[in-house]
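User: I am new to this structure and would like to learn how to read its features. Could you guide me through them?

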Amino acid sequence: MRSIWNGAISFGLVSIPIKLVNATESHAVSFRQIHTEDGGRIRYRKVCELEDREVTQAEIGKAYEDADGSMIPITDEDLSQLPIPTARTIEIVAFVPEDRIDPLQMGSAYYLAASGAPAAKPYTLLREALKRSNRVAIAKFALRGRERLGMLRVVGDAIAMHGLLWPDEVRAPEGVAPEAGVTVRDQELDLADALMDTLGEIDLDDLHDEYREAVEEVIAAKAAGERPPEVREEAAPGKVLDLMAALESSVRAARESRDGEEAGAAEEAEVRSLPRREASSSRRAPKATGGKKSTSTAAKKTAAKKAEPKKSTAKSAGAAKKTAAAKGTAKKATAKSTTRGGDKSTAKTTAKKTASRRRSA
């Protein structure tokens, strides 16, 4: 950022070299004046009235116009030799709480940048002192040919200065408030509080210049040879003579705009009682596409119902037969194993008797 003023902060006997830079910038769309007939640029030329000729910037100075119309020339050297200490110095005169400053006095904002390495330590000292005291510094400085009032405060890790109007430059609000006596009821205050609570807070970073965006769209459309976007027609608000009705409508509209999606979802998810389904009637009366098909289907179902006991009986009889057969098989297997085991034991006994007889013989 380019500095617009170089000087120093006078903090008692401490001097802090600084550079003054603009803290804000304008994003407004600027226009040029043209001749509507042929589109030619309209320019302003600086002409000397006595010689009736255009002069360059180097030939232009400044002067004070006296009451009789005479000009009193003032040079830059005259201004640089003014007998004031704020010509090249931001002189801190007091430290006060920030709420003592009326926002009506605030003007342009600047950043104070430390100029060079020697300024780092005193710059940091002043910044930390302002932080710890929770106060702002009131200072006087000279800029663009006049002495000004300023307020120094901490913004992040930097020191910012707001140009302030002198107290006698702020006009009193005389004749602004309504002169007629007005009584406000508690119900109206309650609705106003409800409206404030409904609107709630907002992140200032989300705000943007919609007018500038619309102007840029018009410029882009005309540059491309297209038709500019049409103006959106908004419904004109009706006259509301009752303040209570206006407040209630405002609260309702604010709630709908803030919680519109949630309200819509709640309406879609509304629980409703459904009619009871008659199971018996639906079973007894099946859908029929034709007279013959429905009759045959009903007959088949009736026959199937009648045949169900027989099937169950047959199934039980078959199961009994299978059980008996399984028992018989088990008995046969037991008998076989017993017979085989008996034959083997008998053979072993006979062999033993024969061997003993031979031995005895």
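User: How many helices and strands does the protein chain have?

Analyst: The secondary structure of the protein chain consists of eight helices and eleven strands. Of its 361 residues, 14% count as buried. The accessible surface comes to about 30,300 Å², and carbon and sulfur atoms hold 53% of that area.

User: What share of the contacts joins residues 24 or more positions apart?

Analyst: Among contacts in the protein chain with a separation of 6 or more, 59% are between residues 24 or more positions apart.

User: What is the average pLDDT of the protein chain?

Analyst: A predicted model is read together with the predictor's confidence in each residue, which runs from 0 to 100. Here the average is 76, and 68% of the residues score at least 70. Residues 269–275 have a pLDDT below 50, and this stretch has zero contacts in the model beyond near neighbours in sequence. Over residues 329–361 the pLDDT also stays under 50, with zero contacts beyond four places in sequence.

User: Which residues form the aromatic pair?

Analyst: A search of the whole structure finds one aromatic pair. The partners are phenylalanine 11 and phenylalanine 95, with ring centres 5.9 Å apart. Their planes stand at 70°, so the pair is edge-to-face, as planes over 60 degrees apart count as such.

User: Where do the two phenylalanines lie?

Analyst: Phenylalanine 11 belongs to strand S1 (residues 3–11) and phenylalanine 95 to strand S7 (residues 89–97), so the pair ties together parts 84 residues apart in sequence. Phenylalanine 11 is partly exposed at a relative accessible area of 22%, and phenylalanine 95 is likewise partly exposed, at 30%.

User: Which residues make the nonpolar surface patch?

Analyst: Val182, Val184 and Leu189 make a nonpolar surface patch of about 280 Å². One of these residues, valine 182, sits in the loop between strand S11 (158–164) and helix H3 (186–199). Valine 182 has a relative accessible area of 63%, so this residue is exposed, the cut-off for that label being over 50%.

User: Where are aspartate 52 and asparagine 134 placed, and are they buried or exposed?

Analyst: Aspartate 52 is in the loop between strand S3 (47–48) and strand S4 (53–54). At 63% relative accessibility, aspartate 52 counts as exposed. Asparagine 134 is in the loop between helix H2 (120–133) and strand S9 (135–143). Asparagine 134 is exposed as well, with a relative accessible area of 65%.

Notes: Residues are numbered from 1 along each chain as its sequence is written. This is a predicted model: local features need pLDDT of at least 70, side-chain atom pairs count only at pLDDT 80 or more; totals for chains, interfaces and linings use all residues. Side-chain values use heavy atoms; hydrogens and water are left out. Patches are made of residues with over 30% relative accessible area and no salt bridge: like charges are joined within 9 Å, nonpolar side chains (Val, Leu, Ile, Met, Phe, Trp, Tyr) within 5 Å. Accessible areas come from the Shrake-Rupley method with a 1.4 Å probe; for residues, only the protein chains shown count as cover. A salt bridge is a side-chain nitrogen of Lys or Arg within 4 Å of a carboxyl oxygen of Asp or Glu. Helices (H or I, at least four residues) and strands (E, at least two) are DSSP runs, numbered from the N terminus. Buried means under 20% relative accessible area, exposed over 50%, partly exposed in between (1.4 Å probe, protein chains only). Rings of Phe, Tyr and Trp (its six-membered ring) pair if their centres lie within 6.5 Å; planes under 30 degrees apart count as stacked, over 60 as edge-to-face and the rest as tilted. Contact means heavy atoms within 4.5 Å.
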